[in-house]
Amino acid sequence: MTNYKPKDFAELLGVSVKTLQRWDREGILKANRTPTDRRYYTYEQYLQFKGINTENDNRQTVIYARVSTRNQKDDLQNQVSFLRQFCNAKGIIVDQYIEDYGSGLNYNRKKWNELLDEVMEQKIKTIIVTHKDRFIRLGYDWFEKFCKKFNTTIVVVNNEELSPQEELVQDIVSILHEFSCRLYGLRKYKKQIERDEEIAKELQDRNQSVKAANSQNQ
């Protein structure tokens, strides 16, 4: 069960923390309390507040597995096998298995985008992955909140062994290459600016010389 601090829950609902505090006092949406009297909320409260009936929820539960290249097919099958065993042990019925290829830095993965489309269409109840970076390498927290806006939960099993290290190296190299290209472009731009300034100064000096010559001739 996912628990939220008041700030995070307020953001999920699109209201202010003060509004949550007022709702708590008025009994509109009561906060739970920890043994140390700290307030927290649950995802079930979010669904109830939104009027979503979870008992008759016919949306799909999806296993999503990803590797960067087709050379990692064994890693991909290990992910799927592990998640299938996890779901069987938990009594979770899986409706769809998605095996995807592509970098975790790539936001244009076809199957991943199709999955997000189904999330927005309210067709997906749960997405199960072995590790956060199997879903997306950077910006996972944003996408998790995005999915929750459409009442979709991402379950991260957190099996570090099924998050291939070579992919992380490849992605770091990719990031470094991207920034290197940008820095190189900035250096070229800087050189161009300096060159333009030199040309501008030459033209200015030439213009001043012409004016001075014209003054002497007058």
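Reply: Let's start with a facing pair: I128 stands opposite V155 in strand 7. This is a predicted model, where local features need pLDDT of at least 70, side-chain atom pairs count only at pLDDT 80 or more, and totals for chains, interfaces and linings use all residues. Numbering runs from 1 along each chain as its sequence is written, and side-chain values use heavy atoms, with hydrogens and water left out.

Me: In which sense do strand 6 and strand 7 pair, and over how many bridges?
Reply: Strands of a sheet pair through backbone hydrogen bonds, either parallel or antiparallel. Here strand 6 and strand 7 (residues 153–156) pair in the parallel sense, over four bridges. Two strands count as paired if DSSP finds at least two bridges between them; strands are DSSP runs of E with at least two residues, helices runs of H or I with at least four, numbered from the N terminus.

Me: Which other strand is joined to strand 6?
Reply: Strand 4 (residues 60–67), which runs parallel to strand 6 and is joined by four bridges. Within that pairing, V62 sits opposite I127.

Me: Is strand 6 enclosed or open?
Reply: Five of the six residues of strand 6 (residues 124–129) are buried, so the rest of the structure largely encloses it. Buried means under 20% relative accessible area, exposed over 50%, and partly exposed in between (1.4 Å probe, protein chains only). Across the chain, 33% of the 218 residues count as buried.

Me: What is the strand order in the open sheet of three strands?
Reply: The order is 1-3-2, with antiparallel pairing. Strand 1 (3–4) and strand 2 (32–33) are at the edges with a single partner strand each, so one side of each has no neighbour in the sheet. Two bridges join strand 1 to strand 3 (residues 39–42), and Y4 faces Y41 there.

Me: How big is the second largest pocket?
Reply: Rolling a probe the size of a water molecule over the atoms shows where empty space is left. The second largest pocket has a volume of about 300 Å³. Of its 15 lining residues, Y4, D141, E144, K145 and K148 are the closest to its centre. A pocket is an open set of points on a 1 Å grid where a 1.4 Å probe fits, with protein on both sides within 12 Å along at least five of seven lines; lining residues have an atom within 4 Å of a point. The volume is the space filled by probe spheres set on the points.

Me: Which helix gives the most to that lining?
Reply: Helix 7, with seven residues.
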